[in-house]
Amino acid sequence: MRRASTLASFAVSKTLAAAHGGSGISVAVQRRLLQSALYGTSSGNAYNRRRWLSSLLGPFTGSSTQVASLGAAGALVTVVAAASYSQQVYAKEPPPPEVLPRDVVLYQYEACPFCNKVKAFLDYFDIPYKVVEVNPISKKEIKWSDYKKVPILMVDGEQLNDSSAIIEKLSQKIRLKEKDDSAIEDDEETKWRRWVDNHLVHVLSPNIYRNTSEALESFDYITSNGNFGFTERITVKYAGAAAMYFVSKNLKKKYNITDERAALYEAAETWVEALSGREFLGGSKPNLADLAVFGVLRPIRYLRSGKDMVEHTRIGEWYTRMENNVEPSSRIKA
Ligand SMILES: N[C@@H](CCC(=O)N[C@@H](CS)C(=O)NCC(=O)O)C(=O)O
């Protein structure tokens, strides 16, 4: 398998070399760029290298009240009509203004599940944030940072790294968490947040790259939504899809997955079971585990694998409830 991924990487580096032909970049540098493009690091260990692409892969219905004044036979009749366009009205949970951070900037890859986990949190708690889309090859947007992964969140000048740590810190900042750490260590929410990081995210890559057409679909999504130059977009799309097809086979072995779709469906059903008939794990409103599951599933939801998951499991209703709660985004458009 190592050989397969090396071959794929070699094939991709040839493609990049051709694409950069005449640009004055040496083959060795091109290959380093390629390593970064495909594995997110040029110097990390094999596990980290494999993780990059695997992890790259990221209406409010209120009631409207209308007041109409109508004149009839000399009399003024006022009609107040309340129209509800949906069965269920959801609400976000904005923090009190005194704890709302003033300047929040997310460094991210649009299709990265960890970044989407952070976005689900920011969106649900209605915390306005700017986004800097990082180029996964040059990473020039995070050159200033020692930590080279995304998400990175700058909160009023303070750098926060790692999706779970970011969410933990933000929860404290907006005073969501009053309990001390030992009290939450074993609670249901913590247990399922860990399940997302330790299990659910590992099931995603083998699914979205499981065959050539799904790998291409995924890379079309990644390259259309990410920060890539024109040539990078084309080369990364095809070369990346080819490489990740092989790498995902390795990931299956690493995480003991035999049938990736069965594993995805099983994870979705496990989550539905955890809900035990509740609207959300948090009861009538989402908690951090709901937001984490939703966040990492968001980039795959409308890919073939996500559609299959909704079609073949009972997760769809919960997912739609989450969409209704988390959207619209609080992202500040540049
Ligand atoms: N545990 C980290 C994982 C972050 C991570 O692996 N991010 C990927 C993108 S989805 C990354 O930046 N990879 C680049 C690299 O490994 O160099 C988190 O939860 O934020």
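These legends describe close-up views of a predicted model. Residues are numbered from 1 along each chain as its sequence is written.

**View 1. Helix H4, residues 113–124.** Helices are DSSP runs of H or I, at least four residues, and strands are runs of E, at least two, numbered from the N terminus. H4 is mostly covered: 12 of its 12 residues are buried (20 or more other C-beta atoms within 10 Å of their own, C-beta atoms being placed from the backbone; exposed means 12 or fewer, partly exposed in between). Among them are Phe114, Val118 and Leu122. Asp126 follows H4 with a positive phi, near 55°.

**View 2. The cis peptide bond between Val150 and Pro151.** Omega is about 5°. Pro151 sits in the loop between strand S4 (130–133) and strand S5 (152–155).

**View 3. Asp156, in the loop between S5 and strand S6 (158–161).** Its phi is positive, near 45°. Asp156 counts as exposed because it has 10 C-beta neighbours inside 10 Å.

**View 4. Asn256, in the loop between helix H9 (230–254) and helix H10 (260–275).** Asn256 is not a glycine, yet its phi is positive, about 55°. It has 8 C-beta neighbours inside 10 Å, so it counts as exposed.

**View 5. The cis peptide bond between Glu327 and Pro328.** Omega is about 0°. Pro328 lies in the segment after helix H13 (316–326).

Technical notes:
Predicted model: local features only at pLDDT ≥ 70, side-chain atom pairs only at ≥ 80, totals over all residues. Expected span 1.5 Å × (residues − 1).
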